Amino acid sequence: MTAMITTEHSKSQGNLAGVVILAGGASRRMGTPKATLTLPTDEPLLNYHVRHALTLRVPVLIADNERGFEIDSILTENESQSPIIHIADYKVAKSEEKNKTGGALVAIESALQTLITLNNLVALENKSLSQSSWLLVISCDSLIPAMDLWQNLQSSLAQAEDKKVICLANDEHLYPLLGVYRVGIEPDLKAYIDSGERRVMSFINPVVQTVQCLKQWQPLTNFNTPADFIQACAALSDLNTALSREI
């Protein structure tokens, strides 16, 4: 089954190897893990991201820092769909405590390692994971759907041959956790983490290319407090209403 799924992925999504949803942050200002927030539609935020990620038909990895956040059975009961896999953060030191977040990069490193392992377990008839394959990264402080994000970033892949990270940006912010990372960056990222570093910006600055964040997406990102989340949900509702009118 896995071989069939992966072959179909290769044909349908080109260079996209997988999606990782970052759901293990501390969320101190929110007061509750962002992954467990509930949208006005009564859908948990993590389910929202998983549901949209499954439309890409690639493995969906959930990096929740071993918190065991559950996924609705409706999303997991279809055996023919892409696998949904909970992954533990990459850990370099035994002193790192369970449930103490080591930052986004350790989750991304774990996701890259998981994709490489999955690839090594399956014979793909010359469809092996290449250095030019990409991992789509989505953080749980955003409501941008995975398919929309991938399509927006995909157009820049051809112009980013010398870059290893492509992410959204605007005039004020860089969004390194709303982007794609080359699978081939894994050894560099591992070495960076093993050296004791965790800073995202220091790692990506030499290898990043930015894509202008769409104006309508800016209210959907970077929510850190309950009030921010309420505003993001309202913006999503307005955006969906506008899109339905266009259709």
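The following questions and answers concern a predicted model and the terms used to describe it.

In this model, local features need pLDDT of at least 70, side-chain atom pairs count only at pLDDT 80 or more, and totals for chains, interfaces and linings use all residues. Residues are numbered from 1 along each chain as its sequence is written, and side-chain values use heavy atoms, with hydrogens and water left out.

Q: Why is Asn 152 called buried?
A: Buried means under 20% relative accessible area, exposed over 50%, and partly exposed in between (1.4 Å probe, protein chains only). Asn 152 has a relative accessible area of 16% and is therefore buried.

Q: What is Asn 152 in contact with, leaving aside its neighbours within four places in sequence?
A: Contact means heavy atoms within 4.5 Å. Asn 152, which lies in helix α5, is in contact with Leu 168, Val 211, Gln 212, Leu 214 and Trp 217.

Q: What makes a set of residues a nonpolar core?
A: Such a core is a set of buried Ala, Val, Leu, Ile, Met, Phe, Trp, Tyr and Cys residues joined through side-chain atoms within 4.5 Å. The largest one here has 50 residues, and Leu 46, Leu 56, Leu 136, Leu 143, Leu 149 and Leu 168 have the most contacts inside it. Elements giving two or more residues to this core include β1 (16-22), α5 (146-154) and α8 (226-246). Apart from it lies another core of 30 residues, among them Ala 17 and Phe 203.

Q: Why are β3 and β7 called edge strands?
A: Two strands pair if DSSP finds at least two bridges between them; strands (E, at least two residues) and helices (H or I, at least four) are DSSP runs, numbered from the N terminus. The open sheet has the order β3-β2-β1-β4-β6-β5-β7, with mixed pairing. Each of β3 (84-87) and β7 (208-212) pairs on one side only.

Q: How do you know that β5 and β7 pair?
A: The requirement is at least two bridges, and 5 bridges join β5 to β7, which run parallel. In β7, Val 211 is the bridge partner of Leu 168.

Q: What makes an open set of grid points a pocket?
A: On a 1 Å grid over the protein atoms alone, where a 1.4 Å probe fits, a pocket is an open set with protein on both sides within 12 Å along at least five of seven lines; its lining residues have an atom within 4 Å of a point. The largest pocket is lined by 32 residues, of which Gly 25, Lys 34, Ala 104, Asp 141 and Leu 177 lie nearest its centre. The largest share of this lining, 5 residues, comes from β6.
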